[in-house]
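Biologist: Could you walk me through the cavities and the surface of this one? Plain words, please.

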Amino acid sequence: MRNGLHGANIPRRKAKSLTSSPILYALLFFAVTDNRYLSYTAVLAGVYALRFLFAVCGYFIIFRSLKRYGKTEYPAVLIFQLIYFAVIVISGAVNGNLSLGILYSAFVWLGITNYIVVLAKKDLRLFKSFDLFFQLLILATLFLALFFPDAVTTYSYDGSRIIEGFFGGKNALPMYLLAGICLSLVVFEIEGKHRCWRTLFYPFICMFLLYFSGCGTGLVTAAVFLFLYYTGIFRLINAVNLSIAVVLVNISVVFLRVQERFLYSFIVYTLRRDITLTYRTDIWKIAVDFFYRGWFLGYGLGNSVIQEQLRLPIWFRDTINEAHNGFLDIALGLGIAGLIPLLTLIFIVVRKYDRAGGGVTRVLKLYFAGYLVIAVTENAFTLSRLTFWFMLFSGLALFTNSKYDTERKEKPAAFRLALKRRLGAKGGLG
């Protein structure tokens with residue numbers, strides 16, 4: 001097996017079964033998704049061990065590719081990953097806050113993303129399996145919320161009851177629901193089955209959960225997603241207009257704070273949030289001020305700038321130690337030395353989607369559009385957001401060309417038969 005993970009002495013059929021096992025996909029799924037049970041030491045240790053093992057496999061793949069071919073399949077992507085990794089280490093060393101936890105996170109991030117690339121490229125069932133796991137957890141959350149609410153609900157800082165689900169908090173819920181919806185749409189684009197479920201009922205179940213999650217960011221993300229998808233505008237998304245939109249939105253919200261002038265009623269009466277977006281505008285001001293002081297290397301990942309500078313009322317029970325904006329968080333931690341390679345890495349991948357074309361890549365770009373909405377108010381690009389990195393790199397592996405979409409359009413019957421054999425599926429995903 002040309003790109004397998006196992007040694008040459010293992011028979012090809014054996015190697016394939018080891019690297020394409022549903023059990024392997026299940027372990028990878030729970031390695032890249034957070035859950036509310038990580039508060040238990042045994043669960044946390046197990047997840048961290050899984051991440052480490054998958055990362056080691058990723059490094060093995062990198063070194064073997066370099067030894068055999070003198071390069072990796074996506075050298076530009078790996079170069080910017082290595083630059084970003086180096087900046088994390090240098091910034092932490094300079095600021096004196098480089099911890100084993102940060103080194104572990106960086107090690108896992110680089111290794112596991114390269115492992116995902118190879119695994120996704122070899123077998124489309126990776127997408128099918130992740131979609132199935134997301135559906136099971138999301139439908140289980142809906143069932144429990146309706147009939148056993150104590151199992152999946154909690155109380156917000158203001159005392160209101162909210163749906164938390166399995167994914168570790170109301171602010172994290174939109175990230176996973178968005179991934180779940182888009183994975184379902186990716187499988188629909190590949191298989192062409194269960195249109196009503198995948199394009200109508202399932203998305204609206206996720207929107208229902210978002211509505212009752214108490215997450216204002218989730219509601220805005222849901223509105224943007226539904227608008228882009230059902231109007232068909234998502235087909236026009238590309239790396240350039242997405243980048244322009246990101247710059248304009250973040251300047252308008254973070255720096256100019258236009259929401260305070262034009263969206264006051266919507267924020268206060270519809271989202272039921274204060275005009276500071278739960279102290280986010282105060283946090284952004286601190287982050288911007290300190291970024292100007294340490295603009296090149298920042299203050300290291302895991303710095304305590306926000307926690308030390310932010311003054312919260314006594315009744316606010318949570319501790320805040322993050323910038324609550326994906327771009328500001330990286331800028332504060334790593335300066336432009338870290339922000340530039342990270343944004344370049346994401347831009348390179350999305351540009352590859354542009355060149356590929358086709359339905360699958362359009363869905364993936366819709367995912368990134370929704371995720372960038374989340375990034376306006378949440379730390380969306382941290383190393384531990386492995387679900388985002390899974391979506392980014394698995395898409396890179398499968399759709400750097402338009403092979404599947406071209407075959408589907410020109411030879412639909414032959415494509416369906418070939419795809420059925422690839423997936424090993426006798427029916428839809430249900």
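This is a predicted model: local features need pLDDT of at least 70, side-chain atom pairs count only at pLDDT 80 or more; totals for chains, interfaces and linings use all residues.

Biologist: What lines the second largest cavity?

Modeller: The lining consists of Pro174, Leu177, Leu178, Ile181, Met207, Leu210, Thr221, Ala222 and Phe225. The elements giving two or more residues to this lining are H7, helix H8 (195-211) and helix H9 (216-231). Helices here are DSSP runs (H or I, at least four residues), numbered from the N terminus.

Biologist: Which helix gives the most to that lining?

Modeller: H7 does, with four residues.

Biologist: And how many are nonpolar, polar or charged?

Modeller: Eight are nonpolar, one is polar and none is charged. Ala, Val, Leu, Ile, Met, Phe, Trp, Tyr, Cys and Pro count as nonpolar, Asp, Glu, Lys and Arg as charged, and the others, Gly among them, as polar.

Biologist: What's the volume of that second largest cavity?

Modeller: About 40 Å³. A volume is the space filled by probe spheres set on the grid points, which are joined across faces, edges and corners.

Biologist: OK, how much space is in the largest cavity, and what lines it?

Modeller: The largest cavity holds about 50 Å³, and its lining is Met175, Tyr176, Tyr367, Tyr371, Arg385, Leu386, Thr387 and Phe388. Helix H7 (173-191), helix H16 (359-377) and helix H17 (386-398) each give two or more residues to it. H17 gives the most, with three.

Biologist: Switching to the outside, which residues form the nonpolar patch?

Modeller: Phe143, Leu146, Phe147, Phe148, Phe208, Tyr211 and Phe212, with about 780 Å² of accessible area together. Patch residues have over 30% relative accessible area and no salt bridge, and nonpolar side chains (Val, Leu, Ile, Met, Phe, Trp, Tyr) are joined within 5 Å. A salt bridge is a side-chain nitrogen of Lys or Arg within 4 Å of a carboxyl oxygen of Asp or Glu. Areas come from the Shrake-Rupley method with a 1.4 Å probe.

Biologist: Where does the largest share of the patch come from?

Modeller: From H6, with three residues.

Definitions and conventions: Residues are numbered from 1 along each chain as its sequence is written. Side-chain values use heavy atoms; hydrogens and water are left out. On a 1 Å grid over the protein atoms alone, a cavity is a set of points where a 1.4 Å probe fits but cannot get out, and a pocket is an open set with protein on both sides within 12 Å along at least five of seven lines; lining residues have an atom within 4 Å of a point. Patches are made of residues with over 30% relative accessible area and no salt bridge: like charges are joined within 9 Å, nonpolar side chains (Val, Leu, Ile, Met, Phe, Trp, Tyr) within 5 Å.
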